[in-house]
Amino acid sequence: MSRLSKKFNKLKENKQKALIPFITAGHPHPLMTVPTMHALVKNGASIIELGMPFSDPMADGAVIQQSSEEAIKKGMTLSSVLDVVSEFRENDDKTPVVLMGYLNPIEKFGYQQFVKQASESGVDALLIVDMPPEESSELLSLLNQYNLSQIFLIAPTTTRKRQQYILSKSGGFIYCVALKGVTGSNNVDYSDLSEKFNTIRSLTDLPIAIGFGVKDVNSALAVAQYGDAVVIGSALVKKLGKCKNEKEIKKTIKKFIKPISKALNKE
Amino acid sequence: MTNYYDFPDVKGHFDQYGGVFASETLMKCLNELQDAYKKYKTDEAFQNEFYYDLAHYVGRPSPLYLAKRLTQNVGGANIWLKREDLNHTGAHKINNTVGQILLAKAMGKKRIIAETGAGQHGVATATVAARLGLKCVVYMGEVDIQRQAINVYRMKLLGAEVISVKSGSKTLKDALNEAMRDWVTNVDDTFYIIGTVAGPAPYPEMVRDFNSVVGREAKKQFNKQVGGLPDAIVACVGGGSNAMGIFHAFLNDETVKLYGVEAEGKGMSTGKHAASINAGDVGVLHGNRTYVMSDEDGQIIETHSISAGLDYPGVGPEHAFLNDKGRASYVLANDQEALNAFHLLTEVEGILPALESSHAVAYGIKLSQKLVKGKNIIVNLSGRGDKDVHTIAALEGINL
């Protein structure tokens, strides 16, 4: 059984929701990424979404774009993202790691090479923002071969018919975007979430993760009731960007992430 | 033999190129756009309105002009100019914006967004938006805003809001990223008018089709003035919309050689160029698979060209396809060659070409010298150079 399934099964048994923090690999500094990941787990993260920095992140807002630019400037590459995961795995073999990013660096790396090395490094799943399922067959068959999951997004604009199609191609969990717009926006309309997620729930057994617009305890609780996992990205990246060293990172995570994970897992 | 009119396929692929590489939020509106375009492509009333506007608003057909003194000066094959510089707003870009705004209107969209590099597409978009009374927002890199101040002011006069993009290299690619972000956020009421034959399907096909009037006219005009077919067509390629526009009518006429001229900037060895096909690799950028200029880690690299309109690290997927098929050749002209061509055409023909088009003129001159006298080359003079006068003066140390 995959790390992701094990994790979601265990959370389900305990009637808990997963907290999935997103960080950009190499931000605020390449040497701080592994300690950041461990600190996130220590403070209640169930799964880690690790951003593979890209120069032109079209679907991301200013915060994640800036974090990517900084990480690239400081020498972060796709291959060093994989090194980060290997190093993380030396001390943590249980927490699933999902790589999130854009296709061009992977095209350059080579699909076969990348999937093989990702699997060897201990990566569990991939989420490629600019690769809809229609264009994914080549990568998907490689992922299957190496037992990695491919995570797809469902957007507020995704029609029901398309939801079914996306779900038929998905593995690991399904990532539902709670609002139109780029990452880091804050105008979530919670009013129609209920119906939307009930529909998706009726279409799949995959765990449902909800993200975009989650920035604190209240917004996390507001979306958690509809899904199995809550993704928190830009708000965290913004705070990490202000940290100058490992100590500040640990302090920030304890102050910011711990209350959210506690709130989510309270009966 | 390949029938080039079989491409793209229903999913927007030109063999391995093109396609839809976009975030999920955009998939619904891309599908809607695909359906709407399919419907209106064969809708008689829509097409009549489009051609009416091309004739009476844009001023088509644009002339096909034999540049006699240029030809004499060069001493080789005849150089003909397809005068897209004479269109309303001064470039071929208006053909596409006239078409897309009609589509936006038909789809009931209220707000228009666009990206622009040299500002020609921004002006062409602001123009048609003003004409239909639609709100228009144009994204433009901060660097381009500085080098194309006149076009920025023109857009503002036309009522458009010009948003300065300060991310990344602050040029065309970043303006495109920002426009995509706007579209993802305002997807319900907004129509994104992409200015080149790139982006996710259906844009490469749609922008090509709206510009293909250029090649159809040229073919007819040449046949009337000379008879038969020209020997070669030359057009500059950034994203490649003017080139696809003039190539398209000739794709299945294999005796007609097609040349796309990429910007060699300061020279290939310096790395400061924008020659995506000559120097790039197959990758994915801005919604389609094509040749992309990126570093060894797949990060998009900053390109350089004297002309803002060619300063783009990708290229339309159909050009990538035509290159691989060997149907079109992608050649180079550097900054200096483009400047020389600008001056020569201005001095001997009284025509100021845009710096983009000057690259095509520069290669047209080279080709003319290679071919025997009496052969015929059509150079797509895609835009006029008034917008570049300040840039050229500054480069040559002249204070206006």
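Where in chain A is Asn147(A) found? Asn147(A) sits in the loop between α7 (137–145) and β5 (149–150) of chain A, with helices (H or I, at least four residues) and strands (E, at least two) taken as DSSP runs numbered from the N terminus.

This is a predicted model, so local features need pLDDT of at least 70, side-chain atom pairs count only at pLDDT 80 or more, and totals for chains, interfaces and linings use all residues. Residues are numbered from 1 along each chain as its sequence is written, chains are lettered from A and ligands numbered from 1 in the order in which they are written, and side-chain values use heavy atoms, leaving out hydrogens and water.

- Most residues other than glycine have a negative phi, and most peptide bonds are trans.
- Asn147(A) is not a glycine, yet has a positive phi of about 55°.
- Phe7(B) and Pro8(B) are joined by a cis peptide bond, with omega near 0°; look for Pro8(B) in the segment before β1 (13–14) of chain B.
- Another cis bond runs from Arg60(B) to Pro61(B), with omega about -5°, and Pro61(B) belongs to the loop between α2 and β3 (64–66) of chain B.

**Charges**
- Over all chains there are 33 salt bridges (a side-chain nitrogen of Lys or Arg within 4 Å of a carboxyl oxygen of Asp or Glu).
- One of them pairs Glu49(B) with Lys105(B), at 3.2 Å from N to O.
- That pair ties together distant parts of the chain, 56 residues apart: Glu49(B) is in helix α2 (residues 44–58) and Lys105(B) in helix α4 (residues 93–106), both of chain B.
- On the surface, Lys238(A), Lys239(A), Lys242(A), Lys247(A), Lys251(A) and Lys255(A) gather in a patch of positive charge.
- Patch members have over 30% relative accessible area and no salt bridge, with like charges joined within 9 Å; areas come from the Shrake-Rupley method with a 1.4 Å probe, and for residues only the protein chains shown count as cover.
- Lys and Arg count as positive, and the charge is placed at NZ of Lys or CZ of Arg.
- The elements giving two or more residues to this patch are α11 (234–241) and α12 (246–265) of chain A; α12(A) gives the most, with three residues, while Lys238(A) is in helix α11 of chain A.

- The largest pocket holds about 770 Å³ of space (on a 1 Å grid over the protein atoms alone, a pocket is an open set with protein on both sides within 12 Å along at least five of seven lines, a cavity is a set of points where a 1.4 Å probe fits but cannot get out, and lining residues have an atom within 4 Å of a point).
- Its lining has 29 residues, with Val10(B), Lys11(B), Asn31(B), Gln34(B) and Asp35(B) nearest the centre.
- α1(B) supplies the largest share of that lining, ten residues.
- There are seven cavities of 30 Å³ or more, and the largest cavity has a volume of about 350 Å³, a volume being the space filled by probe spheres set on the grid points, which are joined across faces, edges and corners.

Notes. Patch = residues over 30% accessible without salt bridge, like charges linked within 9 Å, V, L, I, M, F, W, Y side chains within 5 Å.
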